[in-house]
Amino acid sequence: MTQEIIAACNTSIVFGEKKILENITCSISAGEFVGIIGPNGAGKSTLLLALRGFVPLAAGEVLLAGRPITTLSDKELARQVAYMQQEVNVGFGFTALEVVLTGRYPYLKWWQHEQAEDKAIAHRYMEFTGVEALAEKPVHLMSGGEKQRVLLAKVLAQETPLIFLDEPTASLDLVYQEEIFRYCQLISQQGKTVLIVAHDLKLAAKFCSRLLLLAENTMIADGPPEKVITKENLQAAYGLHAAVFMNKVTGNLDIHTYAADDDNPNKDTKVHIICGGGSGEKIIRVLYERGYRLTLGVIQPGDADANAAEAFHLSCLLGQPFSSIDELAAEENRRKISAADWVVLSDLTYGEQNIDNLQAAFTAKNLIVIEDTPIEKRDFLEGKAIELYTKLVKMPQVAVMTFPQFITSLEKNMLPAVHR
Amino acid sequence: MRETMRKKTQGNRDKAWKIMMVLSILLLCIIVFSISWGTIRVPWEDTLAIIGQHVPMINGYFPSVNAEFQAVVWNIRMPRVLVGVLVGAALGVSGAVMQGVFGNPLADPGIIGVSSGASFGAVTAIALGLTSYSIFVMPMFALAGSLAAVSATVFLSMSRGKIPVMTLLLSGVAVSMLMGALTSGILTLMNEYRVREYLFWVVGGLDYRRWEHVYLAVVPILIGLIVLCLLARHLNVLVLGEQEARSVGVPVVALRLLLLFVAAATTAMAVCVSGTIGFVGLIVPHIMRIIVGPEHRWLLPSSALAGALFLVFCDTLGRMIFPPNEIRVGIMTALLGAPYFLYLLRKTQQSGGIS
């Protein structure tokens, strides 16, 4: 069990008549890198302010290393928690070094000046954030990225066990956003506790060890990123339709958001997609976004279509790698086909392993065949697939179309009608 | 790399010292010149000798000078210059502090009601006919008036233990207008002789300043200057904004109140011995910020020197243009300061904001 460093107990904050945060309880241990996420106006920044003791609490309390935060003096608090605000206006041409040195304020008696040691500390952290060379440059002449790194160095020069950052990346380019998160990760790995208010869910999920999701003035989720960033939570917090999945290429949590078509009369229609080799991805996506209930089969594990199925959390029939579709899978595939209202056969390339998919398509009640490439180019069975395919498309329950035509038909809600 | 940086920081400090040395030497030169020059011209070596005779320990080493020069230098010109030095230093430092507290290079102590309060105090003293009792009556009324105005401004802008800068500025404007209205109201009821007396006071000047004025102002102004210079490092942090300052543990409200009141009281002391003198508190810190940088530990002392230098320079110039008539120093500072202020405004507009 790691040591709790800061905790909020049933904390509520009220500004005037308006409730900003209600009943927040959380306990954060040393070394955690916590991201506070949530939609605009959810109270993210206010939570950070409250944890720093900057706003009065209407109820509850905040404990810093077990002590109520209200019992600590200004300087004691400043030696425990460093706070970087969203937007700092450094006027009058103060240089980077002068700004970073203000981080040493809590350690100086009021009559003291910064000692050589304080300057050494300031230089060390400026080196860490890569702004050492800019020490004598006025901060107001710097780019957004340089300025934020100077302010980060200032916050680090405060040498506190806790570091709070309120959207430090809000006005930065993508590169600098990542950079700030990476610095924070490094700092937390060195044993400091970092709390960051973040806008970018993907970055927060990538770097933070824990996320707090706020919505409608309360905390709706708290835990590791993969537990917090879920379809359900995003729907609840942002009112957002999203697919959350592990991006196999980047190894990071990825989020695909879309505008859901809630008025689709064919919503909840059961559709089975026969696909593989990446031929089904776009079909899966367009049908998923329109609210159809999808099943897939039979796909080889590790196939691009299998990843797509995983991303959208779809039930997907998987075959054995590098072997023909076995009897069990074949049978299950046919069962799903007969359970579906209609079936889509993608622009598949046929070989020994998946020829059964083509055979299974014959059992569909309503079949849409997507043909973007002529079958002659997709047959690796010396004519066997061509023969079957030609037979299939002549069947009365089959409609053949290109993918763009498919989209048009979908948009016009013509699909079931095509073949009736 | 780090070594060169250190050297550079060291270099900045050396530069600030050098600038302050230069300012001090210039100030001494202008003082000696200002004392020597006039309808009665005193050779500068005689001026130095007379000053030397009044310095304890070394007074035996200076040759004696004729009595007329003695009287002119020591009784007439010396207090005048010293009041100028004190007032200039007070205005320069207070201006720099106000600009820091408000985070705005266009702020000066007048902005929170110091000058209008002082005018109101002065006009009250004149209207009540109290000024003939003692030369201290008007300064005391002026001081009381300006402190009352500043207190009203701060009190009006306080809310929930905070002093938002914008509210402070607006209440300053409101209080100044109120004080101005009251002053005008009293003026309309006064007879012509008294209006003239007020007018003489309100256009700040250093003429007829006596040693009494020096004694009155020297202790409070020096204390004010020392306190403000000691708080310079704290002001550096405060300038970064309230939130920044709080997060490194600065007691923001207490510090801001302390700085406001000390700067206001220092200015008020200056105003009460010299009348209202504009633009010194505005342009001196601004120029010094360009020369020595924004670090208040260098900015405040050098603004004191530069303020003194500027005021004594303006006073001397005012005496030199149409002798034996004088242009009062309040007019001179405005004549030199207003064009610079306008230039500053235009530059600020062009750069798209206050920097």
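**Starting from one residue**

Let's begin with Ile274(A), which is found in strand S13, residues 270-274 of chain A. Keep in mind that this is a predicted model.

**Chain A as a whole**

Now zoom out. The domain assignment of chain A gives two parts: domain 1 is 4-238, and domain 2 is 270-418. How far apart are the C-alpha centres of these two domains? They lie 50 Å apart.

Next, the overall dimensions. The C-alpha trace of chain A spans about 95 × 50 × 40 Å along its principal axes. The radius of gyration of chain A is 29 Å, whereas a compact globule of 420 residues would have one near 22 Å.

What is chain A built from? Its secondary structure comes to 16 helices and 18 strands. Of its 420 residues, 44% count as buried. Take the contacts in chain A between residues at least 6 apart in sequence: 65% of them join residues at least 24 apart.

There is also a record to mention. An unreviewed UniProt entry carries the annotation "domain: ABC transporter" for residues 6-241 of chain A. In the model, that span is 36% helix and 26% strand. Its end C-alpha atoms lie 34 Å apart.

Phe33(A), Gly35(A) and Ile37(A) point one way from S3(A). Val34(A) and Ile36(A) point the other way. Both sets are buried.

S3(A) has a partner in strand S8, residues 193-197 of chain A. They pair in the parallel sense, over 4 bridges. Look for Ile36(A): it stands opposite Val197(A) in S8(A).

S3(A) is also joined to strand S9, residues 210-215 of chain A. Here too there are 4 bridges, and the strands run parallel. Gly35(A) has Leu211(A) as its bridge partner in S9(A). Ile36(A) stands opposite Leu212(A) in S9(A).

Why is S9(A) described as largely enclosed by the rest of the structure? Because 6 of its 6 residues are buried. Arg210(A), Leu212(A) and Leu214(A) point one way from S9(A). Leu211(A), Leu213(A) and Ala215(A) point the other way. All of these are buried, Arg210(A) included.

Carry on to strand S10, residues 218-223 of chain A. S9(A) and S10(A) run antiparallel, joined by 5 bridges. Leu212(A) stands opposite Asp222(A) in S10(A). The hairpin of S9(A) and S10(A) has 2 residues between the strands. There, Glu216(A) takes a positive phi near 45 degrees.

**Chain B**

Over to the other chain. How many helices and strands does chain B have? It has 14 helices and 0 strands. The radius of gyration of chain B is 21 Å, close to the 20 Å that the globule rule gives for 355 residues, so chain B is as compact as a globular protein of that length. The C-alpha trace of chain B spans about 65 × 65 × 40 Å along its principal axes.

Buried residues make up 48% of the 355 in chain B. Of the contacts in chain B with a separation of 6 or more, 76% are between residues 24 or more positions apart.

**Where the chains meet**

Last stop. 30 residues of chain A are in contact with 27 residues of chain B. Which elements of chain A give two or more residues to the side that touches chain B? They are helix H2 (74-80), strand S6 (81-84) and helix H3 (96-101). H2(A) gives the most, with 4 residues. By type, the residues on this side of chain A divide into 15 nonpolar, 10 polar and 5 charged.

Technical notes:
Residues numbered from 1 in each chain as written. Chains lettered and ligands numbered in written order. Predicted model: local features only at pLDDT ≥ 70, side-chain atom pairs only at ≥ 80, totals over all residues. Domains from an automatic or database assignment. Rg over C-alpha atoms; globule rule 2.2 N^0.38 Å. Buried ≥ 20, exposed ≤ 12 C-beta atoms within 10 Å, placed from the backbone. Contact = placed C-beta atoms within 7 Å. Nonpolar A, V, L, I, M, F, W, Y, C, P; charged D, E, K, R; others polar. UniProt positions renumbered as here; feature names shortened; annotations may be inferred. Pairing = 2+ DSSP bridges.
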